[in-house]
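Subject: Structure handover

Hello,

Here is the structure I promised to pass on. Please open it first, then read the notes below.

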Amino acid sequence: MPQLITEANELATAGVTISHLSKSFGTNLVLDDISMTVAAGSVTALIGPSGSGKSTLLRCVNLLEQPDRGTVTVGTTTIEAGTRVSDRSLLALRRQVGMVFQSFNLFPHMTVLRNVAYPQEKILGRSRAEAEERALTLLERVGLRDKAQQHPGRCSGGQQQRIAIVRALALNPRAMLFDEPTSALDPEVGVEVLAVMRELAESGMTMIVVTHEMQFARDVSDHLVVMADGRIIEEGDPRAIMAAPTEERTRRFLSAVLER
Amino acid sequence: MEAVVAVLLGLPMTLLVAAAAFAIGLVSGIPLLLGLRSRHRAVRVIVRFVIDLIRAVPPIVWLFVLFFGVSFGALRFNALAAAIIGLGVISAAYLAEIYRGGFATLPAGQTEAARALGLGRRSTFVRVLAPQAVRTALPSIATFLLALVKDSSIASTIGVTDMVFAANTFVRQNPMTAGLTPFFVAAAVYVVISIPLAIVARRLDARLRRSA
């Protein structure tokens, strides 16, 4: 099993704690007093109908969205909503958290190699040679070393998403957020991405994954959180919930997803 | 033949005015763009007003104001300076808008990805957004330059000795023989300059569409 995480310092993954988080867009309450804990090294799958607030919750963890109330803690960094967040603590938080988006968001004007190396140079202060070497090592591990000199536009969606994962991992995050990482991909391509994520989970990375991939949620995640209308309606062991959901709303959602 | 030579003598001035104004515009457009994208609402409102004001007044009026209006002692502009500064300021306003358009087409995901990676505002702007925005804006910038080369001819109205001024002068000095020939010559030279520029602009545009 090739390991995505090898160096000792990278094994320091961190837990994520969300406490009494609320967020409104205008008058629309999208997150209503959410609290959840993700243990260091564990994988939490976040599922629920669209509009349930799962993506917004994820984006609040690294403050792409500013929550109105509540706190987010990653490792030893805590951000309290409503207080003025200094650029420094914002950076401290984001440095610990990697994020992968539905639409990959690679930088199209940079080669694959530069996409992965540039943030390391800027954020970790690595030399260009060091950053590119690390980038090549990681690209190799996801089978994309031969794409290093290409631009992302020349890569398939599945390849782009794997590159995006590598770009985030290159910064040694202590937790990773995935926002529907396979929703923009054909199912057979999504498999490549899920394989990388599975490997990452096995290597002990803390992960929060917003997904519609029920098999992944059941097989890979340690904890399942079901959201609807901005609230957590049910959470617990993924297999247990999928086999026998307690909430009617969960039951409806699961049967709708599984019938597709 | 005499007419051709006379008009061509104005060509360097035409190119100088256009090139200098374009250079001023390319550079000064950047602070205006930053103003339009400022975090502070007051800055955005002021810069927006300045840009709209510059664009609202006809270029020829700007040149007249600068040339005849600004004259406190040493600060009196000569015709060339007035033309270059006037057209430069106007170019800055238009190019700021073109730059802004380039940024506006970028997907929000680019900024989000940069922020999520932990890149600061400056790096995000300079290394992630600007290269993409410039590439998107290039065809419009080339098209703007094309218009500027021709519009620089209004500098002749304040006495800059460009091609149109040269054509005018030639007609005035040879009222019986010149006819419209000098103007046709000037027109031909503008065409010769413009067509390659137009081709470049179209190529850039086509390349952009392919790579997008």
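Let me start with the charged pairs. Over all chains, the structure holds 16 salt bridges. Please keep in mind that this is a predicted model.

**Confidence**

The model scores ipTM 0.90 and pTM 0.86. Chain A has an average pLDDT of 91, and 95% of its residues score at least 70. One stretch of chain A needs care: over residues 6-10 the pLDDT is below 50. Beyond near neighbours in sequence, that stretch has six contacts in the model. Where pLDDT is low, the predicted coordinates should not be read in detail. Chain B also averages a pLDDT of 91, with 96% of the residues at 70 or above.

**Helix 3 of chain A**

Go to residues 112-124 of chain A next. They make up helix 3, which has 13 residues. From first C-alpha to last, helix 3 reaches 19 Å, close to the 18 Å expected at 1.5 Å a residue. Just after helix 3, A:Gly125 takes a positive phi of about 70°.

Is helix 3 of chain A mostly covered or mostly open? It is mostly covered, with 11 of its 13 residues buried. Among the buried ones are A:Val112, A:Leu113, A:Val116, A:Tyr118 and A:Ile123. What covers them?

A:Glu121 counts as buried because its relative accessible area is 19%, under the 20% cut-off. A:Arg114 has 12% relative accessibility, so A:Arg114 is buried too.

A:Arg162 forms a salt bridge with A:Glu192, and the closest N and O atoms are 2.8 Å apart. This pair links distant parts of the chain. A:Arg162 sits in helix 5 and A:Glu192 in helix 6 (residues 187-202), 30 residues apart. A:Arg162 is buried, at 10% relative accessibility. A:Glu192 is partly exposed, at 30%.

The other pair stays within one helix. The side chains of A:Glu248 and A:Arg251 meet in a salt bridge at 3.4 Å, N to O. Both residues lie in helix 9 (residues 248-259) of chain A. They are three residues apart, about one turn of the helix. An α-helix has 3.6 residues a turn, so residues three or four places apart point the same way. A:Glu248 is partly exposed, with a relative accessible area of 45%. A:Arg251 is partly exposed as well, at 41%.

**Chain B**

Which residues of chain B are linked in a network of salt bridges? They are B:Arg48, B:Asp52, B:Arg55, B:Glu97 and B:Arg100. Side chains of opposite charge can pair when their charged atoms come close.

Chain B also has a nonpolar patch on the surface. B:Ile60, B:Val61, B:Phe64, B:Val65 and B:Phe68 form it, with about 400 Å² of accessible area together. B:Val61 is found in helix 4 (residues 59-69) of chain B. At 36% relative accessibility, B:Val61 is partly exposed.

Best wishes

Notes: Residues are numbered from 1 along each chain as its sequence is written. Chains are lettered from A and ligands numbered from 1 in the order in which they are written. This is a predicted model: local features need pLDDT of at least 70, side-chain atom pairs count only at pLDDT 80 or more; totals for chains, interfaces and linings use all residues. Side-chain values use heavy atoms; hydrogens and water are left out. Patches are made of residues with over 30% relative accessible area and no salt bridge: like charges are joined within 9 Å, nonpolar side chains (Val, Leu, Ile, Met, Phe, Trp, Tyr) within 5 Å. Accessible areas come from the Shrake-Rupley method with a 1.4 Å probe; for residues, only the protein chains shown count as cover. A salt bridge is a side-chain nitrogen of Lys or Arg within 4 Å of a carboxyl oxygen of Asp or Glu. Helices (H or I, at least four residues) and strands (E, at least two) are DSSP runs, numbered from the N terminus. Buried means under 20% relative accessible area, exposed over 50%, partly exposed in between (1.4 Å probe, protein chains only). pLDDT is the predictor's confidence in each residue, from 0 to 100. Contact means heavy atoms within 4.5 Å. The expected span of a helix is 1.5 Å times one less than its number of residues.
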